[in-house]
Amino acid sequence: MRYRKSQSILPGRNGPDALFFFFLGLTALFSLLGVLLREVGLLALAILTVALCLFRLLSRNLPRRHRENRIFLSIVTLSRLRAALREKRERNNPYLYCTCPSCSSRLRLARKSGDFTVTCAACKYRFSIHITK
Ligand SMILES: [Zn+2]
């Protein structure tokens, strides 16, 4: 579907795809930061990423550009899946963890919302903690 759509805009060329828009976003980010921070290196990166955008847009090597785009999408999808799994694991964990402000020991607390006074098992330091769900 996307292939046919890009074919109608730029016949025989790769056209815009997800990796193109990723590089376009990087171009905008590097340009903005380069101007705000007055950093020539960031502006050079912006030029490099816009060159990659144009290269991808106008490339005639469609199998290779499609393969690169598929790899990019699989990386993005995998990181989203990992983040969702991590969030689900944290949500289902009956405990939460904090560090003692005195000795930096890792303390395991029951996941209950409210204000509590915690006593460190290692150094017996007492401190208050507010837990929100
Ligand atoms: Zn402690």
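I looked up how α2 and α4 are set against each other: they are roughly perpendicular, because angles of 65 to 115 degrees count as such, with under 35 roughly parallel, over 145 roughly antiparallel and the rest oblique. The model is predicted; local features need pLDDT of at least 70, side-chain atom pairs count only at pLDDT 80 or more, and totals for chains, interfaces and linings use all residues. Residues are numbered from 1 along each chain as its sequence is written.

I noted the axes next. Those of helix α2 (residues 18-37) and helix α4 (residues 62-92) come within 8 Å and cross at roughly 70°. Axes are lines fitted to C-alpha atoms, for helices over the stretch in contact, and angles run from 0 to 180 degrees between N-to-C directions. Helices are DSSP runs (H or I, at least four residues), numbered from the N terminus.

I then listed the contacts (C-beta atoms, placed from the backbone, within 7 Å). Ala 18, Leu 19 and Phe 22 in α2 meet Glu 68, Asn 69, Phe 72 and Leu 73 in α4.

Helix α4 is hardly covered, with one buried residue among its 31.

I checked Val 35, which lies in helix α2. Val 35 is exposed, with 12 other C-beta atoms within 10 Å. For such counts, 20 or more means buried, 12 or fewer exposed, and in between partly exposed; C-beta atoms are placed from the backbone.

Definitions and conventions
Helix = DSSP H or I, 4+ residues; strand = E, 2+ residues; numbered from the N terminus. Contact = placed C-beta atoms within 7 Å.
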